[in-house]
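The sequence and structure come first.

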Amino acid sequence: MIWTLIRHELLINLMTFRFLVTLISYLLLVLAGSIVLTDNYERRLASYNAAVQEHKERAARAETYSDFTPFLDRAPNPLSLFNQGLDKRAGNSIQIRLGEVPFLWADVYRSAGFNNPFRHLLADIDLVSIFQILSSLLALMFAYDAIAGDRENGTLRLILVNPVGRGLIVLSKYLGAMLCLTLPLLMSFLLALLLQFQSNAIHYTPDEFLRVGAIFLTTVIYTSTFYLLGLLISSMIHRTATSLIVSMFIWVGLTLLYPNVSLFLVNRFMDTSERMEQAHQHIEQFAERFYREEEKLQNPFEHLGRGWHSSYTHRSKTITSIPVESELDVPAVKAYFETLTALQMNTAKAVWRVREQAFSETYIRKSRTARNVLRFSPTGLYQLSTAAWAGTDIARMEDFFNAGRQYRGTLLDYFYDQKAFDSRQWFASDKGAVRWVDVPRFSYHPPSVSGDASNRALPNLFLLFLLNPVLFMTAFAVFCRQEI
Amino acid sequence: MLWYIIKRELFEQISSLRFALAMLLTVFLMIVNALGHIGASKVQQAEYRQNVSKALAGIERDSRQFYNLVIRGPGELYKKPSPLSFCAHGSENNLPESVLGWSAGWGWNSVIDGKNYPFSGIWRLKYTSFPPIRAADIFPIFLRIDWTLIIANILSFLALIFTFDAVAGEMAQGTLRLTLSNSVARRTLLTGKFLSNLFSLGAVFMSGVLVNLLLLYLSGNLQLNTQEWYRIGGIFVVGLIYISVFIALGLFISTLLNTPSTSLVILLLVWVIWVILVPSMLGTIMSGLNLPSIRKGPNPIYFTRSGLYERYKARGLEEGAPTRQRPPTPATMLWAEFLNEELQEGKRLNKMFLRAQINQIQIAREVNRISPTAVTQYAIESLAGTGFQRYLNFLKNAERYADEFNDFLISADRADPDSLHIPFVREGMSDKPVPFESIPKFQDRVRLEDAFKGAILDVMLLLLFFMVLFAAAHVSFQRKEI
């Protein structure tokens with residue numbers, strides 16, 4: 001019996017005008033979106049490759065230990081085509097320096113890729129935002145007359161004359177419509193993948209395929225949530241026109257208003273400037289202490305060779321030839337740099353402690369509040385979950401910076417092992433430049449899909465999924481208690 | 001007759017569920033907007049004043065020694081924040097808030113006769129002072145609730161909800177036939193429907209605006225002068241025209257189709273694509289966001305490569321340092337020529353780089369104008385004095401001021417009888433302090449004409465959209481069989 005009903009629903013839906021419109025609008029938008037996004041990704045990848053090359057050459061040019069400040073670059077994530085998250089916005093380059101522990105908010109870590117700083121004026125869109133708007137709208141359009149329409153036509157009464165339970169009717173309507181909604185969705189995902197594979201830049205690993213699959217599944221659940229919402233409205237309101245209007249208001253409220261209004265208010269009323277100001281002052285104190293200590297030290301070679309320094313974070317020196325008469329000063333210079341580097345590292349450690357604390361109390365807390373607020377709407381859950389699947393959320397960015405910090409630790413350990421800090425090669429290359437043969441290399445391996453899924457994607461997806469049975473049961477209960 | 005139709009329609013509209021919902025939604029959003037902007041403007045103004053006074057203190061310090069002014073210029077020039085940012089946010093957080101007037105900053109050393117002769121390029125405008133990555137960058141992206149959003153997204157949506165069944169609904173009920181059996185011209189009927197919808201949506205818009213302004217006024221955040229009231233009036237009118245576009249669209253589709261729900265389905269799809277997706281996709285596609293040529297602004301390495309210094313070295317730049325000798329030695333003249341050319345070249349490159357960046361955004365904006373939403377957004381931003389257009393005006397002001405400042409430098413130098421009057425080499429210019437009061441100060445003027453001039457084209461375009469759609473609605477209604 002249920003199959004007959006589903007087939008009936010499916011055929012009715014498939015032949016409608018709105019199905020055609022659905023299909024065409026999905027495909028057109030995904031086509032346009034994929035082309036832009038793929039092109040965009042190619043550019044970012046090219047600029048990443050150029051940056052890696054440049055930084056490699058730059059690191060190889062360093063002749064002394066003090067001049068070795070490698071850059072770590074973050075590769076663009078191909079899944080940012082689906083949900084760009086922070087992938088384009090967060091810093092994508094870390095400079096490892098003795099005097100600073102890398103952190104996510106440093107001004108120097110400008111995201112490269114586009115040289116036009118005005119680019120943020122133009123809105124960026126990704127595939128998930130297209131689906132977020134379109135699939136929810138279409139789901140409601142399929143649902144608004146599911147019950148109200150049948151009731152208005154009188155067909156509902158006819159169907160109920162047969163020995164069919166009301167539960168079965170609701171279920172078959174749901175399944176039929178969901179099949180109809182999933183089909184164009186599946187086609188547009190395939191189209192998007194197809195277009196992406198046209199590009200030489202994008203190669204998905206099996207892990208990334210799993211992620212795309214998970215994004216698809218999340219989209220289906222998201223669509224289903226909106227369909228059930230529409231079904232509930234349709235069973236509560238008797239006239240189709242009213243049901244449509246109410247559905248549309250709810251749609252605007254959930255997809256457009258709730259996320260923006262709540263984020264607007266959170267952003268406005270969570271003020272972080274005072275706490276950050278306090279942290280800056282604290283950091284200033286460390287810096288001043290550093291400068292005081294530094295002034296006490298004497299560097300006999302201050303005017304020799306070339307050097308570069310920036311605030312308290314960096315001091316480099318490269319002396320290519322030491323005059324014979326100055327040779328006697330070398331032990332003193334060694335001692336100078338040994339003390340200075342220890343001072344730098346201590347300052348970096350102290351500053352980092354303050355900074356980490358301040359960040360967790362301001363930016364991170366603010367962003368966490370924002371994300372928690374978003375959890376109250378299906379749209380927010382959808383965004384959060386897909387960002388976690390795509391690996392473009394804040395946790396991933398932090399993970400990269402953690403890896404950078406770890407690398408800095410490894411590098412410092414390596415310097416200790418090489419006894420670099422009190423060596424002549426710290427500041428002079430007259431007896432030969434440092435050979436960077438066995439220096440530890442940085443490589444970043446993003447966590448696998450299971451890692452991302454378990455702590456971020458799945459909880460949000462579960463919440464989104466939980467809405468489905470709740471809505472279904474409510475719609476069913478309302479429908480059962482109604483007189484036809 | 002027209003008035004009778006309008007009255008009837010209006011009465012029906014106002015007593016409907018959608019009118020109540022529309023009113024609720026708009027007023028709610030306007031309250032959110034007001035809440036979000038209470039205090040914001042004061043903070044902004046205070047920050048601006050603080051920045052400006054810091055910059056002025058810098059000038060005062062430099063004015064004690066004339067040549068410092070020549071090298072460092074006026075320092076940072078700040079853009080005056082608009083008090084109307086609650087009308088249009090204009091992605092101000094993605095735009096630089098200042099232009100830096102500063103030396104070329106390439107403390108160069110020439111070795112002349114075995115002695116170091118330090119010099120640097122004299123001041124010029126540098127455009128790239130972009131806001132650093134901020135906390136907001138890890139904050140999820142969201143649209144700010146300003147008037148632009150409320151008008152562009154919400155009121156257009158409401159216009160469609162109001163009109164989708166204007167003709168199709170009456171057609172389905174059969175009342176259309178009854179109405180037309182009276183001696184009513186079809187065009188009168190359609191115009192009546194249009195006007196009644198415009199009035200009811202206008203009332204919704206108006207009440208939202210009033211609540212918003214009242215809240216801001218009561219909280220003491222609304223201190224506007226006459227000019228700014230004109231601007232608000234302008235924004236209101238643009239909003240009404242934009243609403244009319246969508247009412248006309250709704251009537252057009254509603255006359256084309258016979259079932260109201262199909263009409264709404266089509267309208268909403270058009271809305272999603274035209275209002276939400278096109279403005280955020282099309283421009284980005286068309287502009288192709290990469291800059292081909294110079295990666296960084298002019299820097300010493302560039303000059304070494306482009307051979308400016310080498311060329312002058314060949315002409316004997318390193319053979320003699322400029323002196324205060326009278327009459328001026330050839331070395332002084334040559335150095336002055338070199339510094340002048342360096343300045344012109346640096347300015348030209350800075351500007352070329354900026355223009356390339358701006359052009360890309362301009363192209364994207366031109367393409368985005370396919371959507372009336374983008375058109376409206378640009379018009380409102382221009383009227384509110386925020387956004388990209390305003391930034392360009394600010395740059396123009398800064399450039400004008402830069403010329404004024406240079407003229408001042410020359411004339412201040414002329415006034416000193418001990419100077420050689422050879423700009424801009426240190427030894428050829430005055431070395432006396434200049435009175436701080438005589439130095440021109442940067443004032444970022446926002447003129448009403450500029451705002452209206454910036455918006456007028458967009459308003460015309462919007463009117464064009466409206467006329468085409470309204471005519472289409474009329475034609476299709478005339479040809480409709482009922």
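Predicted model: local features only at pLDDT ≥ 70, side-chain atom pairs only at ≥ 80, totals over all residues.

A network of salt bridges with shared partners joins B:Arg8, B:Glu9, B:Glu170 and B:Lys193.

B:Arg124 pairs with B:Glu342 in a salt bridge, the closest N and O atoms lying 2.8 Å apart. B:Arg124 belongs to strand β5 (residues 124–126) and B:Glu342 to helix α13 of chain B, so this pair ties together parts 218 residues apart in sequence. Both B:Arg124 and B:Glu342 are buried. In chain A, A:Arg97 and A:Glu100 form a salt bridge at 3.2 Å between the closest N and O atoms; both residues are buried. Over all chains, the structure holds 31 salt bridges.

## Contact between chains A and B

Chain B contributes 72 residues to the contact and chain A 66. About 6,200 Å² is buried between the chains, 77% of it from carbon and sulfur atoms. Zero salt bridges are found across this interface, and four residue pairs are in polar contact. On the side of chain B that touches chain A, α10(B) gives the most, with 17 residues.

## Surface patch on chain A

A:Phe17, A:Leu20, A:Ile24, A:Leu28, A:Leu31 and A:Ile35 form a nonpolar surface patch with about 550 Å² of accessible area together. A:Leu31 lies in helix α2 (residues 17–61) of chain A and counts as partly exposed because its relative accessibility is 34%.

Methods
Residues numbered from 1 in each chain as written. Chains lettered and ligands numbered in written order. Heavy atoms only, no water. Patch = residues over 30% accessible without salt bridge, like charges linked within 9 Å, V, L, I, M, F, W, Y side chains within 5 Å. Areas by Shrake-Rupley, 256 points an atom, 1.4 Å probe, with all protein chains shown as cover. Salt bridge = Lys/Arg side-chain N within 4 Å of Asp/Glu carboxyl O. Helix = DSSP H or I, 4+ residues; strand = E, 2+ residues; numbered from the N terminus. Buried < 20%, exposed > 50% of the residue type's maximum accessible area, 1.4 Å probe, protein only. Contact = heavy atoms within 4.5 Å. Buried area = accessible area lost by both parts, 1.4 Å probe. Polar contact = N/O pair within 3.5 Å; in protein donor to acceptor, adjacent residues only side chain to side chain.
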